[in-house]
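These are my notebook entries on a single chain. I record below what I looked up and how each term was applied.

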Amino acid sequence: MTTTVLDPPAPVRLGRLPIGALGVLALALGTLQSVVEPALPLLQRELGVTPSQGALVANTLLVTGAVLTPVAGKLGDRYGGKRVLLRLMALVSAGGLLAALAPGLPVLLLGQLLQGAMVGALPLSFILVRTHLPAHRSQAAVGVVVALFTGGGTVGTLVAGPIAEHLSWHWMFALPTIVVAAAAYVVARTVPDDPPAASDGRIDWPGVLLLTGTLLAFMVGLVTVADGSLPPLAAGAVAVGVAGLAAGWVAVERRAAAPMVDLRLLARPAMVQAVLLTLVVTTAFGMVAFLVPQLFAVPGDGYGFAAGTTAIGLFLLPGALAGAASDAVGGVAARRFGPRAVVVAGTVVTAATMIALAFRHSESWQLVLAKVLTAVAAGAATTALLSGTVTAVPARDTGIATSLLVVTRVIGVAVGAQLAAALLGAGADPVSGAPSESAFATGFMVAALTAALSLIVVRLTRKGARS
């Protein structure tokens, strides 16, 4: 008697409707992620919070994104991309609902923290199209999803103002959240289930929780210290607490069987250089990204432009488009000139632009041009470092190494924004509470000096990178 061995069933192919649903989901997520930047000055006024507290609104979303980046793909491989995607979208929808209904800053921050789960949508969408489409179509589908997520950032920059000014800031979060929930429902009904992949990799949940706690404690500590609401002894205790959490995370990552970030890669000189340069570059850009909208919003009493949310969105649009295009520029430039050369060029452009802006910021075009130049410089530099890292580490470490740089990139932007907010808070007028012009000038100079640190890092690590 012979036994017939049946071949496994071919995966169900995706049609236009499920691919379209994934694209709409990416577009809505990109929109939801980007509405805060042009509306941040308005949120600060509506909620009655300081610039340092306002910076937390954008940064809490980045925290969740930073810690989920290395584990989203692992979760999808282990439990199935569709299953994990829908659960993450449930978190995003809950976060958007909380933000839309938030009566004050604490609830809004919690909503933003939950919305950060959106970072997992892209790798999980890639799992689905890879499973259910042939190779030549999956590459095109991935490109469409990425393009729509990036395009959503542009849409969010444009629509945040009209929605906030004609309805309310609550609807900035509510409308994209409705689209996210609707698109997730269509995905649930039309996208076939994908079988979990065989994987022995463990999820480093202790590392995830410790990194989340470290980042949140660090940012909250910056806010409380900058606002002067803590006595020196309490501020020292906060610093010790942050250092303890960070040390605990490092200890857990070094001992974990499958760490979320393999810190052993930092033994490689090329990896050390890439991490340090990424941190410096993105910290400087995070400062610029926070300072420019704030200066647009300041009442034009000798400085500032008294711009509303809609006008700020239009002012920021060229920078958003330039930043999106710079990702492609960075990869091409890295292949032709090398990552270090791209970083040096970006550093020179950023530092020179910030120094000029510290002395000349009386015309709106000056701020628009500065945002475009720094967005291109930061985007090209960080993309060049990512592409250079791919070729500098063994193939088996590519995913871990790039995840480490993505995490560093997110942390740098968050730290830069919080530092800029602290400088504005320290230089605020004691009567009106508005940041002084000298506080902006100081912020731009500090951003220039921060960017210039890249040149020192390149110089100090040149010998190690060659070895």
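I began with the accessibility classes: buried means under 20% relative accessible area, exposed over 50%, and partly exposed in between, with a 1.4 Å probe and protein chains only. I note that this is a predicted model, in which local features need pLDDT of at least 70 and side-chain atom pairs count only at pLDDT 80 or more, while totals for chains, interfaces and linings use all residues. Residues are numbered from 1 along each chain as its sequence is written, and side-chain values use heavy atoms, with hydrogens and water left out.

**Entry 1: whole chain.** I found 16 helices and 0 strands; these are DSSP runs numbered from the N terminus (helices H or I, at least four residues; strands E, at least two). Of the 467 residues, 50% count as buried. I took contact to mean heavy atoms within 4.5 Å. Among contacts with a separation of 6 or more, 82% join residues 24 or more positions apart. The chain exposes about 20,600 Å², of which carbon and sulfur atoms supply 68%; areas come from the Shrake-Rupley method with a 1.4 Å probe.

**Entry 2: Ile178.** I located Ile178 in helix H8 (residues 169–190). Its relative accessible area is 51%, so Ile178 is exposed. Together with Leu167, Trp171 and Leu175, Ile178 makes a nonpolar surface patch of about 390 Å². Patch residues have over 30% relative accessible area and no salt bridge; nonpolar side chains (Val, Leu, Ile, Met, Phe, Trp, Tyr) are joined within 5 Å, like charges within 9 Å. A salt bridge is a side-chain nitrogen of Lys or Arg within 4 Å of a carboxyl oxygen of Asp or Glu.

**Entry 3: helix H5.** In H5 (residues 105–115), I listed Leu105, Leu108, Leu109, Gly111, Gln112 and Gln115 as buried. Seen down the axis of H5, the buried residues fall within an arc of 160° (directions from the helix axis to the C-beta atoms), so they line one face of the helix. They pack against H1 (16–34), H2 (36–47), H3 (51–79), H4 (81–101) and H8.

**Entry 4: Arg202.** I placed Arg202 in the loop between H8 and helix H9 (205–227). Arg202 is exposed, at 57% relative accessible area. Leaving out residues up to four places away in sequence, Arg202 touches Lys74, Arg78, Ala257 and Ala258. Its C-alpha atom is separated by 9.7 Å from that of Val71, 131 residues apart along the chain.

**Entry 5: helix H11.** I checked the span of H11 (residues 269–297): at 1.5 Å a residue, its 29 residues should span 42 Å, and the end C-alpha atoms are 43 Å apart, which agrees. The expected span is 1.5 Å times one less than the number of residues. H11 is mostly covered, with 23 of its 29 residues buried.
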